[in-house]
Amino acid sequence: MRMSTFKGRFVVKVDSSGKFDFPKEWRPLVAKDRSFYFAPTRCDDVFDLTPKKLYDMEVGLLEALAKDNNVGDIASAYKDESFEAYVDKEWQMHIPKAILKSIGAKDEISLLGALRKIMVSK
């Protein structure tokens with residue numbers, strides 16, 4: 001059985017409170033807990049919107065990598081730059097102002113399906 005993935009590109013409006021409508025096409029892919037994390041990437045103007053389960057796996061891999069290679073606490077740095085987010089009952093999600101500023105966006109953002117996660121940019 002093939003795993004469902006986030007595909008496509010959506011430009012969504014961000015209201016004055018920082019909320020945007022989660023795309024209808026992706027709603028069936030949202031886990032029951034509706035939890036995501038806005039996580040840093042290697043690009044200053046892009047964040048990943050990662051489902052919680054995948055985010056937790058990534059943190060675990062970073063912790064193992066740090067332990068095995070004695071490279072410091074890279075998992076803590078990753079977590080410190082991440083923001084927890086939820087899709088509410090009205091299918092809206094809040095994007096923190098720090099992320100909007102980081103990606104250089106004000107009232108709209110681009111969501112790009114990147115298979116198991118979503119890339120967020122201006």
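Reply: Thr 41 counts as partly exposed because its relative accessibility is 27%; buried means under 20% relative accessible area, exposed over 50%, and partly exposed in between, with a 1.4 Å probe and protein chains only. The model is a predicted one, in which local features need pLDDT of at least 70 and side-chain atom pairs count only at pLDDT 80 or more, while totals for chains, interfaces and linings use all residues. Residues are numbered from 1 along each chain as its sequence is written, and side-chain values use heavy atoms, with hydrogens and water left out.

Thr 41 is found in the loop between β3 and β4. Strands are DSSP runs of E with at least two residues, numbered from the N terminus. A hairpin joins β3 to β4 through 6 residues. The two strands run antiparallel and are joined by 5 bridges, where pairing requires that DSSP finds at least two bridges between two strands. One of these pairs is Pro 40 with Phe 47 in β4.

Tyr 37 stands opposite Glu 84 of β5.

Around Thr 41 itself, contact means heavy atoms within 4.5 Å. Leaving aside residues up to four places away in sequence, Thr 41 touches Val 46, Phe 47 and Asp 48. Its side chain also takes part in polar contacts, which are pairs of N or O atoms within 3.5 Å; within protein, one must be able to donate a hydrogen and the other to accept it, and residues adjacent in sequence count only if both atoms are side-chain atoms. The side chain of Thr 41 reaches the backbone oxygen of Val 46 at 2.8 Å, and a polar atom of that side chain lies 3.1 Å from the backbone oxygen of Cys 43. The C-alpha atoms of Thr 41 and Glu 81 are separated by 9.7 Å, although these residues are 40 residues apart along the chain.

Terms used. Helices (H or I, at least four residues) and strands (E, at least two) are DSSP runs, numbered from the N terminus.
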